[in-house]
Amino acid sequence: MPIRFDTDFSMTIDGKAVSGASSLDVLNPATETVVAQAPRCSPEQLDDAVAAARAASRAWSAVDIAERQQYLRDMADALEAETDALKWLLTSEQGKTLDEAATEIRGASYWLRETATLNLPETVNEDNDERLSITRHVPLGVVGAIVPWNFPLGLAAFKLGPALLAGNTVVLKPSPFTPLTTLKVGELLRAVLPPGVLNVISGDDELGPLMTAHPGIDKIGFTGSTQTGRRVMAGAAATLKRVTLELGGNDAAIVLPDVDVAAVAPALFWGAFYSSGQVCLAAKRLYIHADVYDELKHALTDIAKAVNVGDGTANDTQLGPIQNRPQYQRVLDLIQDAKKHGYTFLTGGLPGEQKGYFVPLTLIDNPPETSRIVQEEQFGPVLPLMKFDDIDDAIARANATEYGLGASVWAADPETALAVGRRLRAGTVWINEIQHLTPLVTFAGHKQSGLGTESGQDGLLEYTLPRTITVRRTARTA
């Protein structure tokens, strides 16, 4: 029977459709109306999902890795084939434009397909007449994957690919704000994966702590705020669960005086405002050399004024709303604080009376370094522009944060930019680009932006344990 993508939302446990013990409303952030109701997983149903994953774990871990690689490719094909149907559902619950939704779905497929090219290493430590010693990497068992609301499918693929490839089974929980598309993907993949290998559940904020504390889950892969990441780590401590945490950022972009302003302005604008700024690796603080400050701020202002913000389903919409009311209120609070302190607004500000969580694209002109809009992660379409004269000062200010997720440096001379980039304390530093990621390159946060790493060989190994077997070849002599 063909899948209906606009109704009948169920969890996937042991390869079967499971209704929730109760339900929760899922809102469209552009209209503040209910899109659908999602099942609310009970503690007992979580136990069932973990038990199903545990039961499937032994057989799945014994599957040859080449066959698991093919499963990932099959998952990618199944997901990509339903891009046109899924993008409407994703836009209705997340708010992003249809083009952004399609890009996310195709990106998740690409991530799974490329992750399938990775392999688990085998290290021969010693091989001689006396002894053979080999270290291999074995799966952990059951992985709990907890995914946020900004990229529900893309960030699920970050976890599903390496976890399944390494031989683990998974219990996946999307955000209560955006569960619908993930539930449908779980339904879609029932025909692809053996029962119990991937279980998809949904629920409110009480479900995450139950997962982090669950004795049947061996590892948590989490993407979300630093504050929630601390709670995940605390919840996992009692059972010494492994954790991979991809957390918040307050990424700095530094613009050097030799840039071609007309060339870099669009890249900088979209590097900050793509998906209405709801990207962990968005440029959230822009440091501009005094020689080009005025020219660049005017170029960014012109772009911002020309961009259309609206319902993601409309053909002319370029950016959608903030995804949920709590985040909307947080962004408005930062704008209100900036207004209260008399900072200069180049564009935007507080929205008028309206339906939907829409925030005007806001540029703030050279606020003080101590201001909240500079010190806090806004995760919305608000960008402070700061002027600098001395590059050492700019680097010091860029590094003066508890976060260390990403950063970028922009210059006509890439070698000059590279020298600056090497001094930035962040897990990923781009030169003359931003937000470029690949499944084959490790991605990690420094400081309080994360723990562990995702993607690449290192990200795959996060879902394994090393096991060394040593064989003595010669008999001991008396």
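This is a predicted model: local features need pLDDT of at least 70, side-chain atom pairs count only at pLDDT 80 or more; totals for chains, interfaces and linings use all residues.

Student: What makes α4 roughly parallel to α5?

Tutor: The axes of α4 (residues 98-115) and α5 (residues 152-165) cross at roughly 15° and come within 8 Å. Angles under 35 degrees count as roughly parallel, so α4 is roughly parallel to α5. The crossing of these two helices is right-handed.

Student: Which residues of α4 meet α5?

Tutor: On the α4 side they are Glu104, Ile105, Ala108, Trp111, Leu112 and Thr115. Their partners in α5 include Pro152, Leu153, Ala157, Phe158 and Leu165. The residues of this contact divide into 11 nonpolar, three polar and one charged.

Student: Why is α2 called roughly antiparallel to α4?

Tutor: The axes of α2 (residues 65-81) and α4 cross at roughly 165° and come within 8 Å. Angles over 145 degrees count as roughly antiparallel, so α2 is roughly antiparallel to α4. The crossing of α2 and α4 is left-handed.

Student: What does the contact of α2 with α4 consist of, by residue class?

Tutor: It divides into seven nonpolar, two polar and five charged residues. Among the α2 residues are Leu72, Arg73, Met75 and Asp77, and they belong to a set that meets α4 residues including Ile105, Arg106, Ser109 and Arg113.

Student: What makes α3 roughly antiparallel to α6?

Tutor: α3 (residues 83-94) and α6 pack at an angle of about 150°, with their axes 8 Å apart. The limit is 145 degrees, and angles over it count as roughly antiparallel, so α3 is roughly antiparallel to α6. Leu86, Leu89, Leu90 and Glu93 in α3 meet Leu180, Thr181, Lys184 and Val185 in α6. These divide into five nonpolar, one polar and two charged.

Student: Why give both an angle and a distance for two packed helices?

Tutor: Two packed helices are described by the angle between their axes and the distance between the axes.

Student: Why is α6 called mostly covered?

Tutor: Buried means under 20% relative accessible area, and nine of the nine residues of α6 (residues 180-188) are buried. The buried residues include Thr182, Leu183, Gly186 and also the charged Lys184 and Glu187.

Student: How do you know that the span of α11 is close to what is expected?

Tutor: The helix α11 (residues 325-340) has 16 residues and reaches 22 Å from its first C-alpha to its last. The expected span is 1.5 Å times one less than the number of residues, and for α11 that is given as 22 Å.

Student: What covers the buried residues of α11?

Tutor: The cover includes β14 (344-347), β15 (362-365), α12 (372-375) and β16 (382-388). Among the buried residues of α11 are Gln327, Tyr328, Leu334, Asp337 and Ala338.

Student: Why does Ala338 count as buried?

Tutor: Ala338 lies in α11 and has 1% relative accessibility. Buried means under 20%, so Ala338 is buried. Leaving aside neighbours within four places in sequence, Ala338 is in contact with Tyr343, Phe345 and Ile364.

Student: What makes Asp8 exposed, and Asn432 partly exposed?

Tutor: Asp8 is in the segment before β1 (11-13) and has a relative accessible area of 56%. Exposed means over 50%, so Asp8 is exposed. Asn432, in the loop between β19 (428-431) and β20 (446-447), has 32%. That value falls between the two limits, so Asn432 is partly exposed.

Student: What is the phi of Asp8, and of Asn432?

Tutor: Asp8 has a positive phi of about 60° although it is not a glycine. Asn432 also has a positive phi of about 60°, and it is not a glycine.

Note on methods
Residues are numbered from 1 along each chain as its sequence is written. Side-chain values use heavy atoms; hydrogens and water are left out. Helices (H or I, at least four residues) and strands (E, at least two) are DSSP runs, numbered from the N terminus. Buried means under 20% relative accessible area, exposed over 50%, partly exposed in between (1.4 Å probe, protein chains only). Axes are lines fitted to C-alpha atoms, for helices over the stretch in contact, and angles run from 0 to 180 degrees between N-to-C directions. Angles under 35 degrees count as roughly parallel, over 145 as roughly antiparallel, 65 to 115 as roughly perpendicular and the rest as oblique. A crossing is left-handed if the near helix is turned anticlockwise from the far one by less than a right angle, and right-handed if clockwise. Contact means heavy atoms within 4.5 Å.
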